[in-house]
Amino acid sequence: MASKSFLIVGGGLVGAELAGDDAYHSKKSESKVTLIHSGPFLCPDTDEQAGKMIQGQLKKSGVQVILNTRAEKKSEGAFKCGDEEVKADRVIMTVGLQPNNSFVKADACDEKGWVDADINLRVKGYNGRVFA
């Protein structure tokens with residue numbers, strides 16, 4: 001049975017990509033896709049202009065985008081989002097992305113803790129022997 005509604009919680013790169021993919025595949029089944037993000041624009045790892053461009057493309061694809069709102073689970077498939085309750089057959093959580101840098105030296109990471117790699121994905125400080 002195909003889902004009639006999708007709720008994606010988290011508007012980072014993964015959440016935005018899933019929302020776009022779900023919207024593309026949902027056109028045939030007329031499913032509703034909603035993306036909730038706690039920040040003022042999508043994809044905060046990019047700049048604001050890029051995040052707003054991504055938001056515009058998602059809206060053109062039929063995705064309902066809710067910004068500046070945290071999702072609080074009320075029951076199975078139901079979330080409180082500000083003053084609104086959003087229900088969905090399928091809920092996908094894409095929040096809390098954190099770097100896993102436990103396998104590299106501290107100086108191989110950037111200021112946010114992500115593994116620092118060059119354009120060829122060679123990890124900094126390993127003389128080209130470790131790739132990200």
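How far apart are the mean positions of the 18 positive and 18 negative charges of the protein? They lie 3 Å apart, with Lys and Arg counted as positive, Asp and Glu as negative, and His and the chain ends left out. Each charge is placed at NZ of Lys, CZ of Arg, CG of Asp or CD of Glu.

## About the model

You are looking at a predicted model, in which local features need pLDDT of at least 70 and side-chain atom pairs count only at pLDDT 80 or more, while totals for chains, interfaces and linings use all residues. Residues are numbered from 1 along each chain as its sequence is written, and side-chain values use heavy atoms, with hydrogens and water left out.

## Overall architecture

Let's start with the fold: the protein has 2 helices and 7 strands. Their order along the sequence is β-α-β-α-β-β-β-β-β. Here helices (H or I, at least four residues) and strands (E, at least two) are DSSP runs, numbered from the N terminus. The radius of gyration is 18 Å, well over the 14 Å that the globule rule gives for 132 residues, so the protein is more spread out than a compact globule. That radius is taken over C-alpha atoms, and the rule is 2.2 Å times the number of residues to the power 0.38. The C-alpha trace spans about 50 × 35 × 30 Å along its principal axes.

Of the 132 residues, 33% count as buried, where buried means under 20% relative accessible area, exposed over 50%, and partly exposed in between (1.4 Å probe, protein chains only). The protein exposes about 8,800 Å², and carbon and sulfur atoms supply 50% of that area. These areas come from the Shrake-Rupley method with a 1.4 Å probe, and for residues only the protein chains shown count as cover. Among contacts between residues at least 6 apart in sequence, 49% join residues at least 24 apart; a contact means heavy atoms within 4.5 Å.

## The nonpolar cores

A nonpolar core is a set of buried Ala, Val, Leu, Ile, Met, Phe, Trp, Tyr and Cys residues joined through side-chain atoms within 4.5 Å. The largest one here has 12 residues, among them Phe-6, Ile-8, Val-33, Leu-35, Leu-58 and Val-65. Strand 1 (5–9), helix 1 (13–26), strand 2 and strand 3 (63–66) each give two or more residues to this core. Helix 1 provides the largest share, with 3 residues. There is also a second, separate core of 8 residues, which includes Leu-7, Val-9, Ile-36 and Ala-88.

Leaving aside neighbours within four places in sequence, Leu-58 is in contact with Ala-16, Ala-19, Gly-20, Leu-35, Leu-42, Val-63 and Val-65.

Thr-34 sits in strand 2 and is buried, at a relative accessible area of 2%. Beyond four places in sequence, Thr-34 has contacts with Phe-6, Leu-7, Ile-8, Gln-64, Ile-66 and Val-86.

Further along, His-37 belongs to the loop between strand 2 (32–36) and helix 2 (48–60). His-37 counts as buried, with 8% relative accessibility. Not counting residues up to four places away in sequence, its contacts include Gly-10, Gly-11, Gly-12, Pro-44 and Asn-68. Cys-43 is in the loop between strand 2 and helix 2 as well. Although Cys-43 is not a glycine, it has a positive phi of about 50°.

Lys-80 lies in strand 5 (residues 78–81) and is partly exposed, with a relative accessible area of 37%. Outside four places in sequence, Lys-80 is in contact with Arg-70, Ala-71, Glu-72 and Lys-74. Lys-80 and Arg-70 are 10 residues apart in sequence, and their C-alpha atoms are 8.2 Å apart.

After strand 7 (90–93) comes a segment that holds Leu-121, a residue other than glycine whose phi is positive, near 70°. Leu-121 is partly exposed, at a relative accessible area of 46%. Asp-110 is found in the segment after strand 7 too, and is partly exposed at 28%.
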